[in-house]
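Here is a set of questions and answers on a single chain. Look at the structure first, then read on.

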Amino acid sequence: MSEKLTGDFRKFMDKSFLGSWDVPDGGDLILTIDHVARDDVQNEKGREKKMTLHFKEREFKPMICNTTNAKAISKAYNSTKVEDWENKKIAIYKATISAFGQTQECLRVREYPPKSDELFCECCGEVISDHTADGKTYKAKAIANNALSKFGKYLCYECAQQAKAEQEAQA
Ligand SMILES: [Zn+2]
């Protein structure tokens, strides 16, 4: 079976951790911390143990948490204890940093809790809202995150259905 892909190619290469390619352009990625862990991370220096954030939203990979981001979460929730961060929502955004003459995209956490869960459809521009179909209610956030993982952008229920139909037509 073949699956047509859309979005940044890097997200199909790196399987282990959340990257800047997982965050939509022009919007924060809002995720809920499940727990904080220490994981083996493969980098240029070899294998290293790094602090990571694991999310309630299982479709998103864990995120490596550096000191800058750990400080931002401490500030947002007024606690340096990692167990206090559980069940808290964080807003993740893309930042560009310069190091050794090269610019790199990296993930940053806002120093304040997400103000609102309101997400906008990147196709029609409407607010993504809960949707009820066949007696089942899909939460706006689940719809948005599902579209983000499948199509690489936030979509409302209607636009996601259309994107799915287009994808199936091409398959
Ligand atoms: Zn839409």
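Q: Is Asn87 buried or exposed in this model?
A: The model is predicted. Around Asn87, 10 other C-beta atoms lie within 10 Å. A residue counts as exposed at 12 or fewer. Asn87 is therefore exposed.

Q: Where does Asn87 lie, and what is its phi?
A: Asn87 sits in the loop between helix 2 and strand 4. Asn87 is not a glycine, yet its phi is positive. The value is about 70 degrees.

Q: Which loop holds Asn78, and what is the phi of Asn78?
A: Asn78 belongs to the loop between helix 2 and strand 4. Its phi is positive although Asn78 is not a glycine. The angle is about 55 degrees.

Q: Is Asn78 buried or exposed?
A: Count the other C-beta atoms within 10 Å of Asn78: there are 7. The limit for exposed is 12 or fewer. So Asn78 is exposed.

Q: Is Asn145 buried or exposed?
A: Asn145 lies in helix 3, residues 140-151. Asn145 has 21 C-beta neighbours inside 10 Å. The cut-off for buried is 20 or more. Asn145 therefore counts as buried.

Q: Which residues does Asn145 touch, not counting residues up to four places away in sequence?
A: Asn145 is part of helix 3. With residues up to four places away in sequence left out, its contacts are Glu57 and Glu59.

Q: What distance separates the C-alpha atoms of Asn145 and Ala165?
A: Along the chain, Asn145 and Ala165 are 20 residues apart.

Q: In what order do the elements of the chain run?
A: The chain has four helices and seven strands. Read from the N terminus on, the elements give α-β-β-β-α-β-β-β-β-α-α.

Q: What is the strand order of the open sheet, and which strands stand at its edges?
A: Five strands form the open sheet, with antiparallel pairing. Their order is 3-2-1-4-5. Each edge strand has a single partner strand, so one side of each is left without a neighbour in the sheet. The edge strands are strand 3 (63-64) and strand 5.

Q: Which element packs on the sheet, touching strand 2, strand 4 and strand 5?
A: The direction of this element makes about 30 degrees with that of strand 5. The element spans residues 67-77. It is helix 2.

Q: How many bridges pair strand 1 and strand 2?
A: A hairpin joins strand 1 to strand 2 through two residues. In that pairing, Val36 has Leu53 as its bridge partner, and His35 has His54. Strand 2 covers residues 46-55, and the two strands pair in the antiparallel sense. The count is 10 bridges.

Q: How many bridges join strand 1 to strand 4?
A: Strand 1 (residues 29-43) and strand 4 (residues 89-99) run antiparallel. Ile30 has Ala91 in strand 4 as its bridge partner. Leu29 is bridged to Ile92. The number of bridges is four.

Q: Which residue in the hairpin of strand 4 and strand 5 takes a positive phi near 50 degrees?
A: Strand 4 and strand 5 (residues 102-109) pair in the antiparallel sense over eight bridges. Thr96 stands opposite Glu105 in strand 5. The hairpin has two residues between the strands. The residue with the positive phi is Phe100.

Q: What distance separates the centres of domain 1 and domain 2?
A: The domain assignment gives domain 1 as 9-114 and domain 2 as 116-166. Their centres, taken over C-alpha atoms, are separated by 23 Å.

Q: How do the residues of domain 1 that touch domain 2 divide by type?
A: The contact takes six residues from domain 1 and eight residues from domain 2. On the side of domain 1, the division is three nonpolar, one polar and two charged.

Q: What is the radius of gyration of the chain?
A: The C-alpha trace spans about 45 × 35 × 30 Å along its principal axes. With 171 residues, a compact globule would have a radius near 16 Å. The chain agrees with that, at 17 Å.

Q: What share of the residues count as buried?
A: The chain has 171 residues. Of these, the share that count as buried is 22%.

How values were computed
Residues are numbered from 1 along each chain as its sequence is written. This is a predicted model: local features need pLDDT of at least 70, side-chain atom pairs count only at pLDDT 80 or more; totals for chains, interfaces and linings use all residues. Two strands pair if DSSP finds at least two bridges between them. The radius of gyration is taken over C-alpha atoms; the globule rule is 2.2 Å times the number of residues to the power 0.38. Two residues are in contact if their C-beta atoms, placed from the backbone, lie within 7 Å. Axes are lines fitted to C-alpha atoms, for helices over the stretch in contact, and angles run from 0 to 180 degrees between N-to-C directions. Domain bounds come from an automatic or database domain assignment. Ala, Val, Leu, Ile, Met, Phe, Trp, Tyr, Cys and Pro count as nonpolar, Asp, Glu, Lys and Arg as charged, and the others, Gly among them, as polar.
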